[in-house]
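Open the model in your viewer and keep the selection tool at hand. This tour goes stop by stop.

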Amino acid sequence: MSERRRRMGVISADSHVVEPADLFVACIDPAFRDRAPRVVEHPELGSIWEVEGIGYPSVELMGGAGRSIEEIDLHARFERARQGGWDASERLRDMDASGVDAALLYPTVGFHSYGIADAALLGAVLAAWNGWIADYCRVAPARLKGVGCVILDDVNAAIAEMERCRRLGL
């Protein structure tokens, strides 16, 4: 590692997590638990996220960073994704191996969730994400920085969730 690189540090400004399969069911407001996004096994597509009848990309695609499209198994199961996607300690090991000092972390499923038509459900999904990513980042707050997500349909709700995100350290 060069002296210049050591002084400057390397920050990944566009890193994503692979949300754990139980994130939304476990973390969402209980009033929405039955409607929460969840991983389901599709006989033809492998592990996919599903909410309100909408399927999201293969979990393998979500964990496919650094691999060419030819190397990605479009029919893969959730357990093949890199553990650093949902385990902060593993993420830190991956970052150390790659020479990355800090990472700005975005959702994967969370971004797809913006397609949920029901604003109340979407708000609950995003609040669950925000709580989970804040916990994830507490493992190494100087190195892991989570991006909070807010619903854009309701200005007052957005402001309230942004304030909550700030209190959570996002």
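Which residues form a nonpolar patch on the surface? Select Phe 111, Tyr 114 and Leu 152. Together they have about 310 Å² of accessible area. Keep in mind that this is a predicted model. Zoom in on Phe 111, which lies in helix H5, residues 109-112. Phe 111 counts as partly exposed, at 38% relative accessibility.

**Next stop: the core**

Now turn to the largest nonpolar core, a set of 32 residues. Select Phe 24, Ile 28, Leu 105, Ile 133, Tyr 136 and Leu 144, the members with the most contacts inside it. Then colour the elements that give two or more residues to this core: helices H2 (23-27), H4 (88-98) and H6 (119-137), plus strands S3 (46-51) and S5 (102-106). H6 gives the largest share, 11 residues. In soluble globular proteins, nonpolar side chains tend to be buried together.

Stay with Ile 28 and show its neighbours. Setting aside residues up to four places away in sequence, Ile 28 touches Leu 23, Arg 33, Ala 36, Leu 121, Ala 124, Val 125 and Ala 128.

Move to Leu 92, in helix H4. Is Leu 92 buried or exposed? Leu 92 is buried, with 14% relative accessible area. Its contacts, again leaving out residues up to four places away, are Val 139, Ala 140, Arg 143 and Leu 144. Draw a C-alpha to C-alpha distance from Leu 92 to Arg 143: 8.3 Å in space, across 51 residues in sequence.

**Next stop: the charged pairs**

The structure holds six salt bridges. Select Glu 52 and Arg 35, whose closest N and O atoms are 2.9 Å apart. Glu 52 sits in the loop between S3 and strand S4 (54-58), and Arg 35 in the loop between H2 and strand S2 (38-42), so this pair ties together parts 17 residues apart in sequence.

Asp 118 is in the loop between H5 and H6, 83 residues from Arg 35. Glu 52 is partly exposed at 44%, Arg 35 is partly exposed at 28%, and Asp 118 is partly exposed at 28%.

Now jump to helix H7 (residues 155-168), where Arg 164 and Glu 161 lie three residues apart, about one turn of the helix. Their salt bridge has its closest N and O atoms 2.5 Å apart. Arg 164 is partly exposed at 26%, whereas Glu 161 is buried at 14%. Elsewhere, shared partners join Arg 35, Glu 52 and Asp 118 into one network of salt bridges.

Notes. Residues numbered from 1 in each chain as written. Predicted model: local features only at pLDDT ≥ 70, side-chain atom pairs only at ≥ 80, totals over all residues. Heavy atoms only, no water. Patch = residues over 30% accessible without salt bridge, like charges linked within 9 Å, V, L, I, M, F, W, Y side chains within 5 Å. Areas by Shrake-Rupley, 256 points an atom, 1.4 Å probe, with all protein chains shown as cover. Salt bridge = Lys/Arg side-chain N within 4 Å of Asp/Glu carboxyl O. Helix = DSSP H or I, 4+ residues; strand = E, 2+ residues; numbered from the N terminus. Buried < 20%, exposed > 50% of the residue type's maximum accessible area, 1.4 Å probe, protein only. Core = buried A, V, L, I, M, F, W, Y, C linked by side-chain atoms within 4.5 Å. Contact = heavy atoms within 4.5 Å.
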